[in-house]
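This briefing is for a reader new to the structure shown below.

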Amino acid sequence: MSRPAAPPRRDLRARLVRRVELSADAQLLRFESASPSPALPGQFAMLRLEGGGLLRRPYSYCDLDDSGDPFRFSLLIKEVGVGTRALMRLRDGGTVSCLGPLGTWFEPPSAEETAVVVAGGVGIAPFVLFCRRLAEAGRSGIVLLGGRRRPDLYLREEFERFGMEVRCATEDGSFGQRGYVTELLPEALADATAPRVYSCGPTGMLLRTAELARRAGAPHQVSIERRMGCGMGCCLGCVVWAGRRPGDPPEYLRSCTEGPVFDADAIAWDRDPHPL
Amino acid sequence: MSRAEAPAVDLGVEIAGLHLPTPLIAASGTFGYGDEYAGVADYGAIGAISAKGLYLNPRDGCPPPRIWETPSGMLNAIGLQEVGIERFLAEKLPSVRALGKVLIANICGSSFEEYGELARRLDDAEGVHGIEVNISCPNVSAGGIEFGCDPDMAARATEVVRRGTRLPVIPKLSPSASDIGGMARRVEDAGADAVSLINTIPAMAVDVETRRPRLANTIGGLSGPAVRPVAVRMVWQAARATRLPVIGMGGIAGAEDAIEFLLAGASAVQIGTMNFVDPGVWRRTRSDLEDYCRRHGVARVRDLTGAMEPFPPAPEVRR
């Protein structure tokens, strides 16, 4: 898997064609659009729709099919505010304006490395596409999924379908190991040959994952979500206190442009995360 | 009439000796240093770009959270995170210059000396066509809004910039000025070539669950369609008080909004927050502006400036 170049950004109209209820407050929405917008795993789109607030909202591409016409992509939505509520109530056939693909992406593991994914709640979103690409390259990996309760382990079967080794943890013990998903990480790091860690989820989870990966000497890329105004690098609203490369002095980097995928070692975790 | 036969509308405007091919200017702080929207926005519709605010030295800006959405608007407290004049000239200007657009540098100082120094540094910078003087940022502790509320300080900041450059000098006025007309006259006397207004309105929001402010800086600046009527009123007042061209801004989302500002007295307008919402705003606004002019028999868009009609007097009632 060679390093690809950033795909071109476009503002497209996309039509909702399918809705899958994943839990009481989460849905997988599939959209179709006439022109393709090929995105890399970890990249996101800024969505705008009627009744969804003034500003666009960022969503990771959860999965996409750019093999034919129309171009199809899906987004994982959990209701948190005005924007997500409007999306969850969008009628079938309703349209959104979709600006993407934006931001940085996950570096695939090298031939010697094993991918170890750590995902909490809606943090699994970018990893469906990530694991699809791994499977297409004939690779496997370990996927650690965490949530409060069993219904929060979204799309678990998808990861299994891609041939990933899926291990789960729930805080209430209703599925998999009882506790936090990060409690599964030391064993996964020990089981994997040359583990390369990828994480997305709540801040506490990212912090703990960064600590464990660093201790194990495993490279670690993290997807950080911040409130965004534009997604294009202009409003400077979504910043993270981080170095451009590990070892560089930290500065406020834009999670939409220098991120959302960062090297975990480049983030100054003692001054970041900030409360959202 | 088909589009091909429609009479051409002259969208060009003259501001402070600058010719702008359209009256639409990208507002400082919403369009990066200029080339960030390449491939997404229609640059042909853009008359000029006002670049991200510059200090002499690089600045980190405010800690996050820095933005919060409000009804029809947004609050921001970015605190002028920027690269400083050296990196602007060396790293940003060459790629922006390549766009071939009229470029207005936006400067902010924490002292009068700094305003003067920035003006001198920009004076012979190839590809910089004008200087917007930010005396109205609500989110910085030194400089910014304190210069914009006090007419003496605003005039002095304008004067030092005027002395430092031959480029057009455009003070950007704060809506916090108590007498915007008086403020416009003071900067006119101090040597300004035009004024732009309004900067964001100082504002705040509180999270009632955590009882904390929504922004780390507590206070931010309100922008977007929510502020538009305030901005139209202040542009009208400023335009009546001075002979300087006025550049109007505040929540412009399309041609109708832009025309509102022009009729109230603006010679050009800036589009800011709506860049974030819809990068297609440029193409749509230019095309709708042309359609409006055709529909109203306006051959030159500059004829719309100040063309608001007074409200007709009430008919006399015979008793």
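A polar contact is a pair of N or O atoms within 3.5 Å; within protein, one atom must be able to donate a hydrogen and the other to accept it, and residues adjacent in sequence count only if both atoms are side-chain atoms. By that rule, 9 residue pairs are in polar contact across the interface of chain A and chain B, both residues being at pLDDT 80 or more. The model is predicted.

**Confidence**

- The predictor assigns the complex an ipTM of 0.93 and a pTM of 0.94.
- The average pLDDT of chain B is 94, and 96% of its residues score at least 70.

**Between chain A and chain B**

- On the chain A side, 24 residues are in contact with 32 residues of chain B.
- By class, the side of chain A that touches chain B is made up of 14 nonpolar, 4 polar and 6 charged residues.
- The two chains, A and B, bury about 2,500 Å² between them, and 62% of this lies on carbon and sulfur atoms.
- Of the area that chain A buries against chain B, 27% comes from A:Leu54, A:Cys234 and A:Tyr252, more than from any other three residues.
- The rule finds 2 salt bridges across the interface of chain A and chain B.
- A salt bridge joins the side chains of A:Arg57 and B:Glu69, at 2.9 Å from N to O.

**Between the domains of chain A**

- Chain A is divided into domain 1, residues 10–102, and domain 2, residues 114–266.
- The centres of domain 1 and domain 2 of chain A, taken over C-alpha atoms, are 21 Å apart.
- In chain A, 24 residues of domain 1 are in contact with 21 residues of domain 2.
- Domain 1 and domain 2 of chain A bury about 1,900 Å² between them, with 68% of it on carbon and sulfur atoms.
- The count between domain 1 and domain 2 of chain A is 1 salt bridge, and 2 residue pairs are in polar contact, both residues at pLDDT 80 or more.
- Several strands of chain A each supply at least two residues of the side of domain 1 that touches domain 2, among them strand S1 (10–23), strand S2 (26–33) and strand S7 (95–102).
- By class, that side of domain 1 of chain A has 16 nonpolar, 3 polar and 5 charged residues.
- A:Arg132 and A:Asp63 form a salt bridge, their closest N and O atoms lying 2.8 Å apart.

Technical notes: Residues are numbered from 1 along each chain as its sequence is written. Chains are lettered from A and ligands numbered from 1 in the order in which they are written. Side-chain values use heavy atoms; hydrogens and water are left out. pLDDT is the predictor's confidence in each residue, from 0 to 100. Contact means heavy atoms within 4.5 Å. Buried area is the accessible area (1.4 Å probe) that two parts lose on being put together, summed over both. A salt bridge is a side-chain nitrogen of Lys or Arg within 4 Å of a carboxyl oxygen of Asp or Glu. Ala, Val, Leu, Ile, Met, Phe, Trp, Tyr, Cys and Pro count as nonpolar, Asp, Glu, Lys and Arg as charged, and the others, Gly among them, as polar. Domain bounds come from an automatic or database domain assignment. Helices (H or I, at least four residues) and strands (E, at least two) are DSSP runs, numbered from the N terminus.
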